Amino acid sequence: SDHMENIYGYLMKYTNLVTGWQYRFFVLNNDAGLLEYFVNEQSRHLKPRGTLQLAGAVISPSDEDSHTFTVNAASGEQYKLRATDAKERQHWVSRLQICTQHHTEAIGKNNPPLKSRSFSLASQGSANSPGVQRRPSQNAVSFFNVGHHRLPTGKRVPIMQPDHLVDVREMMSQAEGQQRDLIRSIECLPVSGHLTSLDQDLLMLKATSMATMNCLNDCFHILQLQHASQQKGSLPAATTISWLEPKISLANHFKNGAAQNFPAEINKPASVREEQSTAEPCQLTREPEEINPDEELEDICDNKEDDLGAVEEQRSVILHLLSQLKLGMDLTRVVLPTFILEKRSLLEMYADFMSHPDLFIAITNGTTPEERMIRFVEYYLTSFHEGRKGAIAKKPYNPIIGETFHCSWRMLKSNVATDTGSNFSTHSPSEQVTLSKDTEGQTELDYYTVKFVAEQVSHHPPVSGFYAECVERKMCVNAHVWTKSKFLGMSIGVTMIGEGLLSLLEHGEEYTFSLPCAYARSILTVPWVELGGKVNINCVKTGYSASINFHTKPFYGGKLHRVTGEVKQNITNTVVCRVQGEWNSVLEFTYSNGETKYVDLTKLSVTRKRVRPLEKQGPFESRKLWQHVTESLRDGDIDKATEHKRALEERQRNEERLRAETETPWCTKYFLKEGDGWVYHKPLWKTVSAAQTQQMDIN
């Protein structure tokens, strides 16, 4: 009772995406079990701006920092609050928890548990109203009734029979139909007027109804697995469970201003039916395939990306998506709208980081360990401009598990720098095309070849492995990346978890490196991308390291896309090179001898990659796999692209469920799990070592 005093004071409250954090005056009313807040202390005598019942609430300190905490009411409402320091947060949290416990226990004493509770879902919306009318012929209890009853002692829970599952499935199908009617009715409303399709309550209704159906689908899936395990001994070996129709995805609701169509299977494009027809894992060999570089042709596909510009016409899509997200929420399983997609897979994006193969090969040409580390840093910093396609705020396709991408580059040996002063090529883009075509008439001795392969090795979490090698120069790079995305309010952050390893076998050196985070900013206005975070490059053998900082733009002032870094000798702690500039514009390198070099990335030549034609690609190679989505995006048909994309994603989910049911592990094709990482199955360091051993045996 000593701790049950009323407390009050100012706290910061997260209001919404637009206004962000705002100071509000909070009052803890212990007698009533309420947390109230006002605009300021002077308005305390007025009606509160907001009130939370604390009975049944959960008070949680946040792990974001030492100042933030949340109050989650039993009603589902949440306040995200921030104190001035850790001590003040602890004071509020402890008082709120005491008050919450007191009033929760009081309710428990005054309200003994009910013997039976039933919930019904019986309303069915008409085509003209957002699901508020009830059909008189529909019996609410018979439609969907969930009861909680205490079983007599000693009675076993009866095993659910197959016909019961059929009944449940039928009711679920009816509920899904009602939910579709609800979504149609809301989206048919005008975008302006008294009641609009952008009404916040209606957007929340869409989100909660979808979440409810997804939850019910998950529960039904559990029932199916439970029934299958109980009946496993009596089922034929080849029997599989017939699954419920695919869960409702956000992509179903990304058509604005018109009622959604849910066409019958026969009305879908043939290519979509083909994509969806694979309801079991493809019986393709998982044996690694050796790609012949001579089959690859210079890439003539120019999927130029246009800026998204202002997203006014897609605002309802964005608002609908945001209505379902919370700060810090993991976006791995969230289906994003199709209009924000680039026309390439994430695996191909990793390949585009290699678009300057001359700089990559030139690393091993450095005559000293210091020069090789500097060359690697120079190559590393020049890779993001082409790999990220500048600052365009679009997202590559999420690779499906087992997806692969192959390509190569050919570079005339005369174009690869051998001395420090000529490390950067200054050819114009038009000259670059001519140089690339010249290699067609050259013999194999006149050019270097860099081969690249990438594979999506895991779906949850989403992990990609990629590998590149130049056999002639005995150098290769192996990396694995887990892309983890989070919702940050007005932006989306993507953390690139993983590590890369560059091996220079001629020198016996290995360089470890990481990747920066990426952020999509201003997602409600004009979206743009920036990189942020600190990355490190290390070579244990030589003792050289590099520290690179990608700076995010501060709230007031500051430059966009700024990067700084330095290369140092760890033993002597001597800085041998400094770099500053913008990762998508101009970089300035200053060396220990006083020399300075400027690199304009917009004028740096790009070597086109070589890719096999679509007709020679396997069904799980990126361009073949996503060709219908890419073609639809190129034609500007967002609805068709969404349909193709959804078909691929549903196929992946169905295959994942079947593997879980049959306890069949996924087998990768090119990469092997080693510890926490993934390594190419036949890296150059193994083949070179084996060849050297064989040569020694011969001698």
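This briefing describes the cavities, aromatic contacts, cysteines and some local backbone features of the structure above. The structure is a predicted model, in which local features need pLDDT of at least 70 and side-chain atom pairs count only at pLDDT 80 or more, while totals for chains, interfaces and linings use all residues. Residues are numbered from 1 along each chain as its sequence is written, and side-chain values use heavy atoms, with hydrogens and water left out. Helices (DSSP runs of H or I, at least four residues) and strands (runs of E, at least two) are numbered from the N terminus.

**Cavities**

- The structure holds 7 cavities of 30 Å³ or more, where a cavity is a set of points, on a 1 Å grid over the protein atoms alone, at which a 1.4 Å probe fits but cannot get out.
- The largest cavity contains about 200 Å³ of space, a volume being the space filled by probe spheres set on the grid points, which are joined across faces, edges and corners.
- The largest cavity is lined by 14 residues, of which Phe353, Tyr379, Ser383, Phe466 and Phe513 are the closest to its centre; a lining residue has an atom within 4 Å of a point.
- Helix α9 (residues 369–387) supplies the largest share of this lining, with 5 residues.
- The lining of the largest cavity divides into 13 nonpolar residues, 1 polar residue and no charged ones, where Ala, Val, Leu, Ile, Met, Phe, Trp, Tyr, Cys and Pro count as nonpolar, Asp, Glu, Lys and Arg as charged, and the others, Gly among them, as polar.

**Aromatic pairs and charges over rings**

- The structure holds 20 aromatic pairs, counted when the ring centres of Phe, Tyr or Trp (its six-membered ring) lie within 6.5 Å, with planes under 30 degrees apart called stacked, over 60 edge-to-face and the rest tilted.
- One of these pairs joins phenylalanine 26 and tyrosine 79, whose ring centres are 6.3 Å apart and whose planes meet at 70°, so the pair is edge-to-face.
- Because phenylalanine 26 lies in strand β2 (residues 20–29) and tyrosine 79 in strand β7 (residues 78–82), this pair ties together parts that are 53 residues apart in sequence.
- Phenylalanine 26 is buried at 0% relative accessibility, and tyrosine 79 is buried with a relative accessible area of 2%, where buried means under 20% relative accessible area, exposed over 50% and partly exposed in between (1.4 Å probe, protein chains only).
- Another pair is made by phenylalanine 376 and phenylalanine 513, with ring centres 5.6 Å apart and planes at 75°, so that this pair too is edge-to-face.
- The pair links distant parts of the chain, since phenylalanine 376 is in helix α9 and phenylalanine 513 is in strand β18 (residues 509–513), 137 residues apart.
- Phenylalanine 376 is buried, with a relative accessible area of 3%, and phenylalanine 513 is buried as well, with a value of 10%.
- Phe353, Phe376, Tyr380, Phe384, Tyr511, Phe513 and Phe550 form one aromatic cluster.
- The charged end of lysine 13 sits over the ring of tyrosine 79, 5.1 Å from its centre, a contact that requires NZ of Lys or CZ of Arg within 6 Å of the ring centre and within 35 degrees of the ring normal.
- The charged end of arginine 82 sits over the ring of tryptophan 21, 4.0 Å from its centre.

**Cysteines**

- A search of the whole structure finds 0 disulfides, a disulfide being a pair of cysteine sulfur atoms within 2.5 Å.
- Cysteine 99 counts as buried at 0% relative accessibility, and cysteine 407 counts as buried at 2%.

**Backbone features and contacts across the sequence**

- The peptide bond from histidine 460 to proline 461 is cis, with omega near 0°, and proline 461 is found in the loop between β14 (447–458) and β15 (463–470).
- Lysine 474, in the loop between β15 and β16 (475–487), has a positive phi near 50° although this residue is not a glycine, and lysine 474 counts as partly exposed at 35% relative accessibility.
- Asparagine 573, in the loop between β22 (562–569) and β23 (574–582), likewise has a positive phi, near 60°, and counts as exposed at 52% relative accessibility.

Conventions: On a 1 Å grid over the protein atoms alone, a cavity is a set of points where a 1.4 Å probe fits but cannot get out, and a pocket is an open set with protein on both sides within 12 Å along at least five of seven lines; lining residues have an atom within 4 Å of a point.
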